[in-house]
Amino acid sequence: MARGTEIVAAIAQQPFWLNDNQFVTVRPIAVIENERLGPVREGDYPNRELCWWLIRGISPQQELVPGRLIVGRVEEAAQFDPKDSDKDKFQFEWDSVRLGGLRNVIEIVDGPKNLDRRDLINRANALELDHPPTSLILVRLGERIYGPFKAEWEYRGRYLITLFKPQSSLETTVFDAARVQKDPGFITRHRILLSACDQPLNKSIDTFSPSYHILTWERFEALQQNEALERIRLYSDDEVVRQVAKQVLPRKRLRDFMQEWKDVSQVYLTTQDHLGSNDVVDVFKFLNTRLTGQTEAVEELVESILDSGVLENQIERAITNRARLHIETHTAKLSAEVEEKINNLRQQEQDLIHQIGRLTNDLERRRRQEEAQLEADLQQQRLGFEQWKATENTSIEQARADIAQQRQILEEGLKEVAARFVNNRQELLKDFLSMSPFLTQIGVLTANANEYHASTATEKPSAMTAPPPLLEPPAFLKEISSVRGLEKEEAFFNRFKEHVANAGFRFRPLDLVAFHLSVKCGDLTILGGYSGTGKSSLPVLYAQALAGDESRYLAVDVSPSWLEPGDLLGRANLLEEKFQPAATGLFEHLVWAAMETERNGRDSGLWMICLDEMNLAQPEHYFSGFLQALPRAGQQRSVGVFSPSAVCRADPWREWARIPLNSNLRFIGTVNYDETTKPLSQRLRDRANELRLEAVPFGSLQRTASTSSVTPPSGAPVTVASFDSWTCDMTLTGQAASVIDAMQQPLAVLGSPLTPRRYQAIARFVASAGNLCSAEEAFDMQLRQRVLSQVRGIFRAESRRALDDLRSILENHGSTFSGALQLLERIAAESAQAIDFDAFEVDA
């Protein structure tokens with residue numbers, strides 16, 4: 001028998017406890033195949049013709065009594081020994097079991113011969129059975145079958161059944177009994193041996209043998225729609241009494257009418273002369289007698305009904321039922337309205353947050369404009385000062401020239417004096433001595449006067465140590481931006497799609513949506529797939545579509561030799577006391593991004609870094625600082641590159657020893673899945689959206705596909721403020737919340753439990769889908785990118801069962817999660833190719 005076969009079975013004994021778990025054995029009765037009921041073949045259930053069932057999910061469990069019908073799927077038991085009479089080959093999948101009744105099977109029971117069809121819902125304990133019935137049943141009276149009816153039972157040596165009309169139906173359908181018994185969905189099983197105690201059938205001394213007539217729910221609905229003889233309205237006694245009471249109870253109008261009639265009869269019941277005839281008297285006497293009799297009969301009926309207390313009890317019960325029905329009907333509606341109001345308020349909160357962000361952005365823009373104006377004024381004043389300084393320097397140079405000229409005249413005069421001194425030494429000696437103080441002052445009397453003047457003329461002041469060169473950012477960063485960013489997300493995404501098409505590339509539309517949402521909602525996106533699927537080109541096209549300067553995009557080719565962050569960013573040269581950035585250019589790229597944030601704030605453009613083939617080396621080694629810093633917030637979101645004490649104060653990179661990772665940064669990594677690369681760790685996948693690009697049909701490819709042969713699109717750029725306004729933070733609700741809760745246990749078995757970080761990222765991704773895709777499609781993307789991508793350890797037997805559980809959870813929601821189901825099939829196929837599971841046995 002194939003695993004997952006759905007069967008109908010009867011509980012074969014009372015439940016019992018074993019190792020803190022409650023079990024029960026069941027007796028298979030029929031197999032459900034394509035809305036038909038087939039018999040259980042001999043030998044299908046070796047040893048005892050029974051199955052095991054670990055009781056979970058059925059409430060209340062006190063309804064699990066021997067003889068009760070259940071429906072569920074079977075699987076092979078964990079341990080089975082054909083020689084052990086206490087072992088069974090099959091067991092129920094515990095989460096598939098449902099009590100017989102609505103939406104699976106319906107039981108047909110025989111009614112007593114003297115029972116009228118109206119007595120079905122008017123007589124307490126109208127039926128007697130040797131077993132408890134399904135929650136909804138059909139009743140056969142002679143050649144007709146009536147129903148469905150809601151069945152309630154109590155046990156008094158036999159099961160006494162009281163019937164009620166279902167709340168969802170006012171009419172009762174009548175079928176031809178012979179037609180129903182010939183339907184392929186009908187089956188009869190007579191004298192099924194069951195245990196009435198908590199001992200299994202092969203050890204019980206208290207047994208009984210009930211019979212069953214069963215019809216599948218699908219075939220019942222088909223018969224109800226196409227083969228019904230008639231549809232009738234069965235009224236209970238309570239309903240009849242209520243209808244009569246509505247006609248009788250307005251007594252005030254009747255009393256008023258009788259009082260007026262008495263006043264009129266005082267005149268016309270006696271003979272009047274002016275009438276001339278007794279016809280009127282006779283008529284009024286007849287009417288008076290008849291009305292009086294009817295009034296007395298009505299009053300007696302009303303008094304008897306009121307005295308009996310039936311109305312009070314029925315009215316109170318009707319009020320109670322109506323109140324309960326009203327509460328049940330409106331609870332879901334009120335809950336939905338409350339949830340809708342909560343979501344509206346959350347959306348209003350997000351809108352207000354975005355509005356505050358835009359106002360803050362405008363204020364920041366005005367502040368920068370005023371600072372720019374102030375800088376311009378200061379520059380003008382600086383130019384004026386430089387002009388004044390140049391004028392003063394010219395005056396000083398002119399004064400120096402005048403002094404030099406005077407010095408030259410003085411020296412020529414001194415030469416003449418010296419000649420006179422040689423010729424008239426004695427005479428001029430006294431004059432010279434009188435001038436000696438002055439000559440000493442100007443240095444003429446110094447013995448090495450000529451050398452002194454020569455050295456003085458040629459000596460220059462010692463030059464100051466040259467300042468270190470200033471960092472030169474890209475040209476577009478030197479101007480303060482005042483351009484408002486693109487506000488409509490749909491406009492940007494259309495520009496992105498058109499640019500991809502113009503460049504000659506072809507991607508699946510949902511892959512482009514998934515990539516945009518991943519970049520928008522997360523700091524790190526991983527693109528995987530076969531070589532040549534466009535992993536390296538897609539980030540370039542996306543950066544060009546942002547309409548920012550091309551200097552904001554950087555491609556980093558990862559080397560297999562990288563072992564630490566210094567290979568990616570650079571290292572400090574301790575001998576020269578200088579920092580030397582790595583050849584990747586990432587360090588300078590991060591510095592320029594931080595500078596733009598300081599200058600432009602939320603008006604900054606987006607800086608894209610693509611780590612091409614990032615798993616050629618171990619990302620947890622060379623990219624470790626980023627993996628730790630990106631999930632943080634505020635000033636803690638930064639990465640240390642080197643120690644400031646390792647470089648001299650004149651080093652231009654000294655102030656960037658720790659670089660902030662602002663919100664204008666987006667990291668994208670491309671990976672290949674082959675033997676030349678390192679496997680991605682759970683730690684890395686927990687922080688990233690992993691998107692696998694699938695190859696498109698070759699007929700849709702173009703030979704001219706290139707990122708350099710197409711002109712980048714123009715238009716308003718996308719800024720950090722734009723990205724912030726396109727994202728929302730909300731919790732998962734509805735179908736997504738129920739699915740993610742149901743997947744928790746299987747994911748834990750598969751070694752990839754859902755962490756709070758991943759849950760918040762999934763909720764943010766789904767809430768930010770906007771008009772690009774539906775919430776269900778976004779949730780399906782996240783199941784592939786953040787949940788199923790971390791599945792591991794599939795070689796274990798319990799992991800294979802967990803994979804089946806995940807598949808069942810997703811299949812129960814139809815085609816909503818087709819992408820996730822395809823990925824599950826791929827995981828199962830790859831694991832089956834890697835390991836031959838039939839080569840050995842694993843105990844469950």
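**Terms and values**

Student: How do you know that strand S20 (residues 524-528) and S28 are paired, and in which sense do they run?

Tutor: Four bridges link S20 and S28 in the parallel sense. Two strands pair if DSSP finds at least two bridges between them, and a strand is a DSSP run of E with at least two residues, whereas a helix is a run of H or I with at least four, both numbered from the N terminus. The count of four bridges therefore meets the definition. Within this pair, Ile526 stands opposite Glu690 of S28.

Student: What kind of model are these values computed from, and which thresholds apply?

Tutor: The model is predicted: local features require a pLDDT of at least 70 and side-chain atom pairs a pLDDT of 80 or more, while totals for chains, interfaces and linings use all residues. Residues are numbered from 1 along each chain as its sequence is written, and side-chain values use heavy atoms, with hydrogens and water left out.

Student: Which sheet contains these strands, and what makes a strand an edge strand?

Tutor: S20 and S28 belong to an open sheet of five strands with parallel pairing, in the order S21-S24-S27-S20-S28. Strand S21 (553-557) and strand S28 (689-692) are its edge strands, since each pairs on one side only. Neighbouring strands are turned by 20° against each other on average, direction ignored. Such angles run from 0 to 180 degrees between N-to-C directions, with axes fitted to C-alpha atoms, for helices over the stretch in contact. Helix H10 (residues 509-521) lies across S20, S24, S27 and S28, at about 160° to S28.

Student: Why is strand S11 (residues 136-141) described as largely enclosed?

Tutor: Six of its six residues are buried, so S11 is largely enclosed by the rest of the structure. Leu136, Leu138 and Arg140 cover one side, and Ile137, Val139 and Leu141 the other. In a regular strand the side chains alternate between the two faces of the sheet. S11 runs parallel to strand S9 (residues 105-110) with four bridges, and antiparallel to strand S12 (residues 144-155) with five. S11 and S12 form a hairpin with two residues between them, where Gly142 has a positive phi of about 65°.

Student: Is His213 buried or exposed, and why?

Tutor: His213, in strand S18 (residues 212-216), has 15% relative accessibility and therefore counts as buried. Its contacts beyond four places in sequence include Asp110, Arg140 and Thr188.

Student: What makes the pair of His213 and Thr188 a polar contact?

Tutor: Their side chains are joined at 3.2 Å. A polar contact is a pair of N or O atoms within 3.5 Å; within protein, one must be able to donate a hydrogen and the other to accept it, and residues adjacent in sequence count only if both atoms are side-chain atoms. The value of 3.2 Å falls within that limit.

Key
Contact = heavy atoms within 4.5 Å. Buried < 20%, exposed > 50% of the residue type's maximum accessible area, 1.4 Å probe, protein only.
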